[in-house]
Amino acid sequence: MAPALLLLNFDDEESIYDFKQLLLHCLIHPHFLLSTFGCRFIAHLFRISPQFIHEIHGYIKTNVPACSQLAIKAYGKIYFRAWRESSGQFREVIQSSCISDFIVHAVHAPRTGLNSMSSRLLHLQIGR
């Protein structure tokens with residue numbers, strides 16, 4: 001199914017909106033986050049459209065404060081796989097808009113408490 005996604009026109013917001021919403025819901029569903037196939041599928045979504053990467057990242061970023069440590073580790077693996085398997089414009093968007101955004105938020109996040117955003121973002125472990 002993943003290669004078939006490349007055949008869709010993700011720039012036509014009117015015709016693809018409902019399908020995008022279904023794909024975005026996959027980002028927070030436990031069956032996708034906790035399975036190897038699901039993580040590979042989500043990482044593949046980062047290679048569909050550079051504009052869609054921003055939507056994916058925004059959706060994940062709003063979910064990070066409320067998700068479990070297992071989900072946070074899954075997101076770290078997903079971002080690393082998406083970065084590793086991408087190239088060109090896709091890799092640039094992942095680096096400059098996604099990973100660096102998490103770094104900035106981790107640096108500026110409050111440092112108090114076990115459930116603080118900085119301690120949650122440290123568990124992302126991108127690349128491990």
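**Entry: His44.** I began with His44, which counts as buried because its relative accessibility is 11%, under the 20% cut-off. Keep in mind that this is a predicted model. I found His44 in helix H4.

**Entry: the rest of H4.** Helix H4 runs over residues 36–45 and is mostly covered, with seven of its 10 residues buried. Besides His44, the buried residues include Phe41, Ile42 and Leu45.

Entry: Next I looked at Leu45, which touches Leu5, Leu23, Leu27, Phe52 and Ile56, leaving out residues up to four places away in sequence. Leu45 is also among the residues with the most contacts inside the largest nonpolar core, which has 32 residues. I noted which elements give two or more residues to this core: H2, H4, H5, H6 and H7. The largest share, seven residues, comes from H6. A reminder to myself: in soluble globular proteins, nonpolar side chains tend to be buried together.

**Entry: helix H2.** I tested the length of H2. Its 14 residues should span 20 Å at 1.5 Å a residue, and its end C-alpha atoms are 19 Å apart, so the two agree. I also spotted a kink of about 35° in H2, centred on Phe19. Leu23, one of the residues Leu45 touches, is among the buried residues of H2.

**Entry: salt bridges.** How many salt bridges does the structure hold? I counted five. In one of them, the side chains of Glu85 and Arg47 meet at 3.3 Å, N to O. Glu85 lies in helix H6 and Arg47 in the loop between H4 and H5, so this pair ties together parts that are 38 residues apart in sequence. Glu85 is partly exposed at 33% relative accessible area, and Arg47 is partly exposed at 25%. Glu85 also meets Arg84 in a salt bridge of 3.8 Å. Through shared partners, salt bridges join Arg47, Arg81, Arg84 and Glu85 into one network.

**Entry: Asp101.** Is Asp101 buried or exposed? Asp101 is buried, because its relative accessible area is 16%, under 20%. Its side chain meets that of Lys61 in a salt bridge of 3.0 Å, N to O. This pair links distant parts of the chain, with Lys61 in helix H5 and Asp101 in helix H7, 40 residues apart. Lys61 is partly exposed, at 30%. Leaving aside neighbours within four places in sequence, Asp101 is in contact with His57 as well as Lys61.

How values were computed:
Residues are numbered from 1 along each chain as its sequence is written. This is a predicted model: local features need pLDDT of at least 70, side-chain atom pairs count only at pLDDT 80 or more; totals for chains, interfaces and linings use all residues. Side-chain values use heavy atoms; hydrogens and water are left out. Buried means under 20% relative accessible area, exposed over 50%, partly exposed in between (1.4 Å probe, protein chains only). Helices (H or I, at least four residues) and strands (E, at least two) are DSSP runs, numbered from the N terminus. A nonpolar core is a set of buried Ala, Val, Leu, Ile, Met, Phe, Trp, Tyr and Cys residues joined through side-chain atoms within 4.5 Å. Contact means heavy atoms within 4.5 Å. The expected span of a helix is 1.5 Å times one less than its number of residues. The bend at a residue is the angle between axes fitted to the seven residues ending there and the seven starting there. A salt bridge is a side-chain nitrogen of Lys or Arg within 4 Å of a carboxyl oxygen of Asp or Glu.
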